[in-house]
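Take a look at the model below. This report walks through it step by step, starting at a metal site.

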Amino acid sequence: MNLFEIIKRLFSKKPQLPLADDMVTQTSDPQMALKILGMLEKTQEEELTCDDVFALLDQFTEMAARGEDVAELMPLVKLHLDICGDCREEYEALLNVIQHPA
Ligand SMILES: [Zn+2]
């Protein structure tokens, strides 16, 4: 096999998204399988888009700055910030402005 073949193989190999079925069949622990399924379902049902988060970010940040339990009050925004670097950056910038007004 020459280098070109290797490169062609590398690029033709599409990254496979883990599907629930695969994850379940790969684990032998039924409790774990249920947990994974639950996590996937939860993610699909409750996930906010970046637009949703941006719309709530002012409010969320002010609450966080006041020391309110935002993880309890706005868990979906908190969840999104945990997984989305762009929104987290925006949040941290906003928080910085609120905590250190010019
Ligand atoms: Zn986002």
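## The zinc site

The 4 donor atoms around the zinc ion subtend angles of 102 to 112°, which makes the arrangement tetrahedral. For that label, all angles must lie between 85 and 135 degrees. Keep in mind that this is a predicted model.

Which residues supply the donors of the zinc ion? They are Cys 50 (SG), His 80 (NE2), Cys 84 (SG) and Cys 87 (SG). These atoms lie 2.0 to 2.3 Å from the zinc ion. Along the chain, the donors follow the spacing C-x29-H-x3-C-x2-C.

## Around the donors

Are His 80 and Cys 87 buried or exposed? Both are buried. Cys 84 has 12% relative accessibility, so Cys 84 counts as buried too. The cut-off for buried is under 20% relative accessible area.

Cys 84 is found in the loop between helix 6 and helix 7. Cys 84 and Cys 50 are 34 residues apart along the chain. Their C-alpha atoms are separated by 8.2 Å.

## The overall fold

Now step back to the whole chain. The protein chain has 7 helices and 0 strands. Read from the N terminus on, its elements run α-α-α-α-α-α-α.

The protein chain has 102 residues, and buried residues make up 18% of them.

## One face of helix 6

Which residues of helix 6 are buried? They are Val 77, His 80 and Leu 81. Seen down the axis of helix 6, these buried residues fall within an arc of 100°, so they line one face of the helix.

What does this face meet? The buried residues of helix 6 pack against helix 4 and helix 7.

## The nonpolar core

In soluble globular proteins, nonpolar side chains tend to be buried together. The largest nonpolar core here has 14 residues. Val 53, Leu 57, Phe 60, Val 77, Leu 81 and Tyr 91 touch the most other members. Helix 4, helix 6 (75-83) and helix 7 are the elements that give two or more residues to this core. Which helix gives the largest share? Helix 4 does, with 5 residues.

## An aromatic pair

A search of the whole structure finds 1 aromatic pair. Phe 60 and Tyr 91 form this pair, and it is edge-to-face. The rings are 5.4 Å apart, centre to centre, with 65° between the planes. Planes over 60 degrees apart count as edge-to-face.

The pair links distant parts of the chain. Phe 60 is in helix 4 (residues 50-65), while Tyr 91 is in helix 7 (residues 85-99). The two are 31 residues apart. Phe 60 counts as buried because its relative accessibility is 1%. Tyr 91 is buried as well, with a relative accessible area of 15%.

Leaving out residues up to four places away in sequence, Tyr 91 touches Leu 57, Phe 60, Thr 61, Ala 64 and Leu 81.

Thr 61 lies in helix 4. Its relative accessibility is 0%, so Thr 61 counts as buried. What does Thr 61 touch, not counting residues up to four places away in sequence? The answer is Tyr 91, Leu 94, Leu 95 and Ile 98.

Leu 95 lies in helix 7. At 17% relative accessibility, Leu 95 counts as buried. Leu 95 touches Thr 61 and Ala 65, again not counting residues up to four places away in sequence. Leu 95 and Ala 65 are 30 residues apart along the chain, and their C-alpha atoms are separated by 6.7 Å.

## A partly exposed residue

Asp 58 has its place in helix 4. Asp 58 is partly exposed, with a relative accessible area of 47%. Partly exposed residues fall between the buried cut-off, under 20%, and the exposed one, over 50%. Asp 58 and Ile 98 are 40 residues apart along the chain. Their C-alpha atoms are separated by 9.8 Å.

Terms used:
Residues numbered from 1 in each chain as written. Predicted model: local features only at pLDDT ≥ 70, side-chain atom pairs only at ≥ 80, totals over all residues. Heavy atoms only, no water. Donors = N, O, S within 2.8 Å, 3.2 Å for Na, K, Ca; no water. Tetrahedral: all angles 85-135°; square planar, octahedral: opposite > 155°, others 65-115°. Buried < 20%, exposed > 50% of the residue type's maximum accessible area, 1.4 Å probe, protein only. Phe/Tyr/Trp six-rings, centres within 6.5 Å; stacked < 30°, edge-to-face > 60°. Helix = DSSP H or I, 4+ residues; strand = E, 2+ residues; numbered from the N terminus. Core = buried A, V, L, I, M, F, W, Y, C linked by side-chain atoms within 4.5 Å. Contact = heavy atoms within 4.5 Å. Arc of directions from axis to C-beta.
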